[in-house]
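Please look through the sequence and the structure shown below before reading on. The report that follows takes up the aromatic rings, then the nonpolar cores, and then the charged side chains.

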Amino acid sequence: MINKNKVEEIYLKIKDKLKSEEGKIVAIDTDSEDYFIGNDALEAYEKGIKKHPGKEFFFKRIGTKYPFVVGAF
């Protein structure tokens, strides 16, 4: 299960790096703190599972405050 506090901590670390990607989706693996950017959730997820198969990712549209989660359960 994804820890909301951990997600917020990671997102705050990378937030400034993502400013030029506003409107895209970032998928974050909270265990490794790796993140993957895509034009949509599927693209970000596909990038993420290539490196971390079977993981659960936290998704956020860059520049908004609305998150969602997709992953293997």
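## Aromatic rings and their surroundings

In this predicted model, ring pairs join Phe36, Tyr45, Phe57 and Phe59 into a cluster. The count of aromatic pairs comes to four. One of them is formed by Tyr45 and Phe57, whose ring centres are 5.8 Å apart and whose planes stand at 90°, an edge-to-face arrangement. Because Tyr45 belongs to helix 2 (residues 41-51) and Phe57 to strand 3 (residues 56-61), this pair ties together parts that are 12 residues apart in sequence. Tyr45 also pairs with Phe59, and here the centres are 6.3 Å apart with the planes at 40°, so the pair is tilted. This second pair again links distant parts of the chain, with Tyr45 in helix 2 and Phe59 in strand 3, 14 residues apart. Are Phe57 and Phe59 buried or exposed? Phe57 is buried, with a relative accessible area of 0%, and Phe59 is buried with a relative accessible area of 0% as well.

## The chain and its nonpolar cores

The protein chain contains two helices and four strands, which follow one another along the sequence in the pattern α-β-β-α-β-β. Of its 73 residues, 34% count as buried. The accessible surface comes to about 4,800 Å², and 52% of this belongs to carbon and sulfur atoms.

In soluble globular proteins, nonpolar side chains tend to be buried together. In this model the largest nonpolar core has 10 residues, including Val7, Ile10, Tyr11, Ile14, Val26, Ile28 and Phe58. Helix 1 (4-14) and strand 1 (25-28) each supply at least two residues of this core, and the largest share, four residues, comes from helix 1. Apart from this core lies another, of six residues, among them Ile25, Ala27, Ala44 and Phe59.

Tyr11, which is found in helix 1, is buried with a relative accessible area of 10%. If its neighbours within four places in sequence are left aside, Tyr11 is in contact with Leu18, Val26, Ile28, Lys60, Ile62 and Gly63.

## Charged side chains

The structure holds nine salt bridges, and three of them are set out here with their nitrogen-to-oxygen distances.

| Lys | Partner | Distance, N to O |
|---|---|---|
| Lys6 | Glu33 | 2.8 Å |
| Lys13 | Glu9 | 4.0 Å |
| Lys51 | Asp34 | 3.2 Å |

Lys13 and Glu9, by contrast, both lie in helix 1, four residues apart, which is about one turn of the helix. Lys51 is in helix 2 and Asp34 in the loop between strand 1 and strand 2, so this pair ties together parts that are 17 residues apart in sequence.

Lys6, Glu9, Lys13 and Glu33 are linked in a network of salt bridges. Lys51, at 52%, is exposed.

Conventions: Residues numbered from 1 in each chain as written. Predicted model: local features only at pLDDT ≥ 70, side-chain atom pairs only at ≥ 80, totals over all residues. Heavy atoms only, no water. Phe/Tyr/Trp six-rings, centres within 6.5 Å; stacked < 30°, edge-to-face > 60°. Buried < 20%, exposed > 50% of the residue type's maximum accessible area, 1.4 Å probe, protein only. Core = buried A, V, L, I, M, F, W, Y, C linked by side-chain atoms within 4.5 Å. Contact = heavy atoms within 4.5 Å. Areas by Shrake-Rupley, 256 points an atom, 1.4 Å probe, with all protein chains shown as cover.
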